[in-house]
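Q: Could you zoom in on the aromatic side chains in this one, and on the packing around them? I'd like the cut-offs spelled out as you go.

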Amino acid sequence: MSWGTELWDQFDNLEKHTQWGIDILEKYIKFVKERTEIELSYAKQLRNLAKKYQPKKNSKEEEEYRYTACKAFLSTLNEMNDYAGQHEVISENMTSNITVELARYVQELKQERKSYFHDGRKAQQHIEICWKQLESSKRRFERDCKEADRAQQYFEKMDADINVTKADVEKARQQAQVRHQMAEDSKADYSSILQKFNHEQHEYYYTHIPNIFQKIQEMEERRIVRIGESMKTYAEVDRQVIPIIGKCLDEIVKAAESIDQKNDSQLVIEAYKSGFEPPGDIEFEDYTQPMKRTVSDNSLSNFRGEGKPELKFGGKSKGKLWPFIKKNKGATPEDFSNLPPEQRRKKLQQKVDELNKEIQKEMDQRDAITKMKDVYLKNPQMGDPASLDHKLTEVSQNIEKLRLEAQKFEAWLAEVEGRLPARSEQARRQSGMFDAQNPATVNSCAQDRESPDGSYTEEQSQEGEGKVLATDFDDEFDEEEPLPAIGTCKALYTFEGQNEGTISVAEGETLYVIEEDKGDGWTRIRRNEDEEGYVPTSYVEVYLDKNAKGAKTYI
């Protein structure tokens, strides 16, 4: 495996790749540098925190540290200083062992890379000069041959003309000989330069370029090894301080275990014990005299009048099932794995069809170029056939790339189709009827709450919000009656209900339907008295009870 033999024609790509490698190294240096800054900032904050809670000298706080709990806290503060010191050590070691060393290595790497590609460009320029010399000698040889032919034809014409003097004929003959000799010299020169060019070209492709590319490969491999060693150093720097940090934590635990609640209680006694005996019993003193009973201001009637409980609003609020909570939309995966199985299959099939169309388009273009090349071969005056080779190669490469891409999506499609169970005829009829009765423009509510790609939005009408508030108010005084079941359903696929208001179901599970699809793509179901929620309608096969109130049937 050698770049010199395998990548002999990839000079520009190797130049880009090696520059990318240096960029990666510089990015890692920047990462480590920011880590060291974080460690220093963290250590500084820990030290400031420990300093902030240190007892002030000549204050009441010093007396408080007689207690074992306060002594343990003081030990914790001291250990936090040592703990912060270890993070400073991490920062220093990462700076000296990684950041500084890699920065120096990057400069050396840039110089080495510059030298190798300078040699490569020099070799390219040399072979280009040789090529230009070859072309020049070729054109000169061609021109001299044409001149020699014209001189020969002119001599033959003069020789055949009886009206031309012998001197003019002799002059034409000599001119033809001179031109013929010049053509022979040009031929010899062209042959010599051609041999030289072939030799130089062989040296270029089999000696110079392989040697340069081999050195570039070794340089790149050294860079990869170096960044791997730096990552190991990065881990070792952390690992080296773990024992000391562990000792700090052990000391904190030791200080915590030294806390003696009995001792602290004794210190409280010693600090606040007065030494007096508790007072004795108080003797009875009788002051018998007429007593006038009055009605107490705090009578029972008043209590009853004032003791009415206040109505509480907003205390209890039964949770309502609103599955249309906006999801955080991230980047869509290439294989559409964020979609339900059926939607994913449709997306993959659409992607495969698009790729096949592009492949057919490229193949048509290739056929057109091939026909044009055949026309050029039969009629050279219309154009150079060789000028189409580059375009033909480019189109063939595009076809190959598109075929590989199509194979990838076809594999995902086959995987999805293998997992999808065969739906029953009734489910297909229901699904078709649902699509016919619920077009995309039925109402704006469904469009607001669910987008075509299956994501949700949280836009709701003011009327809906008012209903929720009113229901929450009523729930303070009256429990909401559970909705009656209007049918059953069978889960076609497993659904993980992760949003508020949804419920998780397993494939093949049978549940009760309490509210059918309102046109927003969701059906409300119940597993038992305590578990109910919404699931996508496409995930279940619904069997409605014709006798149930408000039930609809799909025929």
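A: Here's a walk through the rings, then the cores, then the sheet.

First, the ground rules: this is a predicted model, where local features need pLDDT of at least 70 and side-chain atom pairs count only at pLDDT 80 or more, while totals for chains, interfaces and linings use all residues. Residues are numbered from 1 along each chain as its sequence is written, and side-chain values use heavy atoms, with hydrogens and water left out.

Rings of Phe, Tyr and Trp (its six-membered ring) count as a pair if their centres lie within 6.5 Å; planes under 30 degrees apart are stacked, over 60 edge-to-face, and the rest tilted. That rule gives 13 aromatic pairs. Take Trp-8 and Tyr-205: their ring centres are 5.4 Å apart with the planes at 90°, so this pair is edge-to-face. Trp-8 is in the loop between helix H1 (3-6) and helix H2 (11-52), and Tyr-205 is in helix H5 (residues 166-257), so the pair ties together parts 197 residues apart in sequence.

Tyr-53 is partly exposed at 42%, and so is Phe-73 at 36%. Elsewhere, ring pairs join Tyr-493, Phe-495, Trp-522 and Tyr-539 into a cluster.

Some rings also have a charge over them, meaning NZ of Lys or CZ of Arg within 6 Å of the ring centre and within 35 degrees of the ring normal. Arg-226 is over the face of Tyr-105 at 4.6 Å from the ring centre, and Arg-66 has its charged end over Tyr-67 at 5.7 Å.

Now the cores: a nonpolar core is a set of buried Ala, Val, Leu, Ile, Met, Phe, Trp, Tyr and Cys residues joined through side-chain atoms within 4.5 Å. The largest has 38 residues, and Tyr-28 and Phe-213 are among those with the most contacts inside it. H2, H4 and H5 each give it two or more residues, with the largest share, 15 residues, coming from H4. Beyond four places in sequence, Tyr-28 touches Ile-98, Leu-102, Ile-227, Ser-230, Met-231 and Tyr-234, where contact means heavy atoms within 4.5 Å. A second, separate core of 18 residues includes Val-513 and Tyr-534.

Finally, the sheet: it is open, with five strands in the order S4-S3-S2-S1-S5 and antiparallel pairing. Strands pair if DSSP finds at least two bridges between them. Strand S1 (residues 487-491) and strand S2 (residues 510-515) share four bridges, with Thr-488 opposite Tyr-512 and Gly-487 opposite Val-513. Val-513 also has Ile-525 as its bridge partner in S3.

Notes:
Buried < 20%, exposed > 50% of the residue type's maximum accessible area, 1.4 Å probe, protein only.
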